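Subject: Structure handover

Hello,

Here is the structure I promised to pass on. Please open it before you read further.

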Amino acid sequence: VTFSGQIVSAEFPFQDSLWCKYKFRYGKDWHPVSGTQEGMSQATRRSSDGRHVCVWNFPIEITFKSTNPYGWPQIVIVVSGIDSLGRDVVRGYGSQHLPLGPGNYTRVIPTFVPVPSSTLERLSG
């Protein structure tokens with residue numbers, strides 16, 4: 001099974017200078033044959049129009065082989081940026097199973113950020 005596509009963009013209205021990391025997760029019966037299992041895009045600034053889109057157009061291509069559909073591959077995305085102190089921080093993460101059939105697909109992956117459970121964690125973060 002071959003997957004090829006790209007991570008096109010992200011919408012983060014209050015964040016700037018973001019980059020994206022991806023990694024494929026799959027079951028024990030799946031084995032990558034060719035392509036890159038993980039990667040990192042270039043950093044980009046959000047657009048100045050009202051959409052606030054960060055555009056990467058980051059290509060992805062990977063081929064798997066398997067004897068069992070259990071553990072179908074999924075892509076895990078982590079969007080990171082720099083905070084006011086110059087540290088790398090996660091701005092969002094999400095995952096999506098790869099399409100089951102042939103064709104062209106557009107997927108929107110919702111991203112989530114963990115919320116600190118205490119005031120001390122909020123201040124240190």
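Below is what was found in it, from the overall fold down to single residues.

**Overall**

Please keep in mind that this is a predicted model. The chain has 125 residues, and 28% of them count as buried. It holds one helix and seven strands. In sequence order the pattern is β-β-β-β-β-β-β-α. The C-alpha trace spans about 50 × 35 × 20 Å along its principal axes. Take the contacts in the chain with a separation of 6 or more: 63% of them join residues 24 or more positions apart.

**The largest pocket**

The largest pocket has a volume of about 1,100 Å³. Its lining counts 36 residues. Closest to the pocket centre are Gln 6, Ile 7, Thr 106, Arg 107 and Ile 109.

Which elements supply the lining? β1 (2-11), β5 (53-66), β6 (74-82) and β7 (88-97) each give at least two residues. The largest share comes from β1, with ten residues.

How does the lining divide by residue class? There are 21 nonpolar residues, twelve polar ones and three charged ones.

**The nonpolar core**

The largest nonpolar core has 20 residues. Inside this core, the most contacts belong to Ile 7, Tyr 22, Phe 24, Trp 56, Ile 75 and Ile 77. β1, β2 (18-25), β5 and β6 each supply at least two of the core residues. β5 gives the most, six residues.

**The β6-β7 hairpin**

β6 and β7 pair in the antiparallel sense, over nine bridges. Together they form a hairpin, with five residues between them. Gly 86 sits in the turn and has a positive phi of about 85°.

Ser 80 lies in strand β6. Opposite Ser 80 stands Val 90 in β7. Is Ser 80 buried or exposed? It counts as buried, because its relative accessibility is 6% and the cut-off for buried is under 20%. Leaving aside neighbours within four places in sequence, Ser 80 is in contact with Ser 17, Leu 18, Trp 19, Val 89, Val 90 and Arg 91.

Ser 17, a contact of Ser 80, has a phi near 55°, a positive value in a residue other than glycine. Ser 17 lies in the loop between β1 and β2. At 24% relative accessibility, Ser 17 counts as partly exposed.

Asn 57 is not a glycine either, yet has a positive phi of about 50°. Where is Asn 57? It lies in strand β5. Its relative accessibility is 41%, so Asn 57 counts as partly exposed.

Tyr 105 is placed in the loop between β7 and α1. Tyr 105 counts as partly exposed, at 40% relative accessibility.

Thr 119 is found in helix α1 (residues 119-124). Thr 119 is exposed, because its relative accessible area is 52% and the cut-off for exposed is over 50%. Thr 119 and Pro 59 are 60 residues apart in sequence. In space they are 40 Å apart, C-alpha to C-alpha.

Best wishes

Terms used
Residues numbered from 1 in each chain as written. Predicted model: local features only at pLDDT ≥ 70, side-chain atom pairs only at ≥ 80, totals over all residues. Heavy atoms only, no water. 1 Å grid on protein atoms, 1.4 Å probe; cavity = no way out; pocket = protein on both sides within 12 Å on 5 of 7 lines; lining within 4 Å. Points joined across faces, edges and corners; volume = space filled by probe spheres on them. Helix = DSSP H or I, 4+ residues; strand = E, 2+ residues; numbered from the N terminus. Nonpolar A, V, L, I, M, F, W, Y, C, P; charged D, E, K, R; others polar. Core = buried A, V, L, I, M, F, W, Y, C linked by side-chain atoms within 4.5 Å. Buried < 20%, exposed > 50% of the residue type's maximum accessible area, 1.4 Å probe, protein only. Pairing = 2+ DSSP bridges. Contact = heavy atoms within 4.5 Å.
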